[in-house]
Amino acid sequence: MQISELINLQKMTTHSVVDLRSDTVSQPTDKMRARMAAAVVGDDVYGEDPTVNELEARTAAIFGKEAGLFVPSGTMGNLLAIMVHCHRRGTEALVGDLSHIFLYEQGGASHLAGVQLATLKNEQDGTFSLQDLRRRIRHEDCHEPITSLVVVEQTHNICGGKVVPLAFLDELAALVRQPGVGTGNARIALHMDGARVFNAATALGVGVERICRDFDSVSICLSKGLSAPVGSVLVGSKAFITEAHRLRKALGGGMRQVGVLAAAGLVALDEVVPLLSKDHERTKKIAKAIYGLNSPNITVDLESVQSNILLVEITQPKLKASEFSTRLSIVDAGEVEAGVTDKNGAGIVVKASARDWAFARLVLYHQVDDEQVDLAIKKLKYVIGQYDKQWPRT
């Protein structure tokens with residue numbers, strides 16, 4: 001390897017990296033690590049892990065529910081809710097067509113739970129038409145599946161971290177509780193995929209108990225913006241959790257001395273949840289910086305930025321979101337010479353999510369501080385400026 005190549009390699013390894021792909025890349029805090037190391041544990045399958053029991057009880061109380069269940073992932077939490085609520089064969093659950101359950105959980109409802117997912121068109125704010133929902137409910141015709149569950153995602157990921165309004169949630173609850181909706185005495189259940197429900201509560205200025213008041217179950221992720229390394233908590237009635245606990249074992253989710261993980265969740269509830277507003281403020285700061293460029297190629301809908309997720313819209317038809325994301329991850333000599341560096345003169349790498357979307361997604365979390373936000377803005381401005389030179393406004 002030549003000296004010049006070694007120098008270039010050294011530069012690559014010293015770049016400042018701002019990882020905004022997802023809040024799942026968040027790291028456990030020092031207090032979490034200390035609490036995990038000192039956690040009192042027992043066998044959770046026997047219900048004997050005191051740290052897990054504390055996490056489950058505290059989470060249930062915060063959400064105004066009777067009981068909770070610690071599970072390895074939000075995907076398992078959602079699947080368990082579907083399995084409990086849709087226990088009868090030939091049932092279906094109604095979900096949004098842009099929901100995480102439908103798009104990114106491998107269709108587990110069908111191939112593991114035997115439950116059909118029927119979709120409702122998600123609006124830009126994460127809601128769906130309640131008139132369409134009422135029309136789609138099925139329970140009398142012997143040719144059709146029985147609608148047993150409706151799922152809402154809060155906040156809504158693919159809709160850009162939108163906070164589903166309380167008014168919509170109230171109207172939805174009222175609808176499924178109307179006489180004649182459901183089968184016999186069995187009403188249609190409501191489940192909330194609340195992976196980022198604490199972000200919703202922060203944005204709305206209300207408690208999570210109010211948001212989830214009318215929902216029979218809620219799955220809450222601890223390992224996204226809350227910075228815990230692993231896990232979610234599923235909450236609901238005692239009867240619901242008893243059945244979910246049994247099914248968790250069948251799915252391979254029975255864990256033993258797992259208080260070492262639950263301990264981080266307790267710290268998250270106490271010390272990270274109160275800081276979520278900072279993530280929202282920093283997300284808005286990046287959005288304002290992009291919006292202020294007035295680029296003909298890349299922009300944001302500033303008014304729609306409500307939480308810690310920012311969708312950067314690619315309006316240039318010759319540019320793919322994946323190409324934009326890749327460019328953000330590359331440091332070329334020109335940008336270093338232009339001063340697009342950190343305080344030590346190192347280049348800036350910004351990691352963003354991009355699939356086959358018309359946008360790139362940026363997500364903020366506990367470890368993305370003001371300095372990293374400023375670095376991300378510096379990089380974004382430079383790269384967008386390059387595209388604007390290539391495709392100027394006509």
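**Overall form**

For a chain of 394 residues, a compact globule would have a radius of gyration near 21 Å, and the protein has 23 Å, which agrees. The model is a predicted one, and it contains 16 helices and 12 strands.

- Taken along the principal axes, the C-alpha atoms of the protein fill a box of roughly 70 × 55 × 40 Å.
- Buried residues account for 54% of the 394 residues, while the accessible surface comes to about 17800 Å², with 50% of it belonging to carbon and sulfur atoms.

- An open sheet with mixed pairing is formed by 7 strands, which follow the order S2-S8-S7-S6-S5-S3-S4.
- At its edges are strand S2 (67–71) and strand S4 (116–120), each of which pairs on one side only.
- On average, and with direction ignored, neighbouring strands of this sheet are turned by 25 degrees against each other.
- Within the sheet, strand S5 (residues 146–153) pairs with strand S6 (residues 189–194) in the parallel sense over 5 bridges, and Val 150 stands opposite Leu 190 in S6.
- Helix H11 (residues 238–250) packs on this sheet, where it touches S2, strand S7 (217–221) and strand S8 (232–236), and its direction makes about 20 degrees with that of S2.

**The sheet of 3 strands**

- A further open sheet has 3 strands in the order S9-S10-S12, with antiparallel pairing.
- Strand S9 (298–299) and strand S12 (359–363) each have a single partner strand, so one side of each is left without a neighbour in the sheet.
- Strand S10 (residues 309–314) pairs with S12 in the antiparallel sense over 5 bridges, and Leu 310 stands opposite Leu 362 in S12.
- Helix H13 (residues 276–292) packs on the sheet and touches S9, S10 and S12, its direction making about 15 degrees with that of S10.

**The annotated residue Lys 224**

- An unreviewed UniProt entry carries the annotation "modified residue: N6-(pyridoxal phosphate)lysine", which covers Lys 224.
- Lys 224 lies in the loop between S7 and S8.
- Its relative accessibility is 16%, and Lys 224 therefore counts as buried, the cut-off being under 20%.
- Leaving aside residues up to four places away in sequence, Lys 224 touches Asp 23, Thr 24, Ser 26, Ala 195 and Arg 196.

Technical notes:
Residues are numbered from 1 along each chain as its sequence is written. This is a predicted model: local features need pLDDT of at least 70, side-chain atom pairs count only at pLDDT 80 or more; totals for chains, interfaces and linings use all residues. Side-chain values use heavy atoms; hydrogens and water are left out. Two strands pair if DSSP finds at least two bridges between them. Helices (H or I, at least four residues) and strands (E, at least two) are DSSP runs, numbered from the N terminus. Contact means heavy atoms within 4.5 Å. Axes are lines fitted to C-alpha atoms, for helices over the stretch in contact, and angles run from 0 to 180 degrees between N-to-C directions. UniProt positions are given in the numbering used here, feature names are shortened, and annotations may be inferred rather than shown by experiment. Buried means under 20% relative accessible area, exposed over 50%, partly exposed in between (1.4 Å probe, protein chains only). The radius of gyration is taken over C-alpha atoms; the globule rule is 2.2 Å times the number of residues to the power 0.38. Accessible areas come from the Shrake-Rupley method with a 1.4 Å probe; for residues, only the protein chains shown count as cover.
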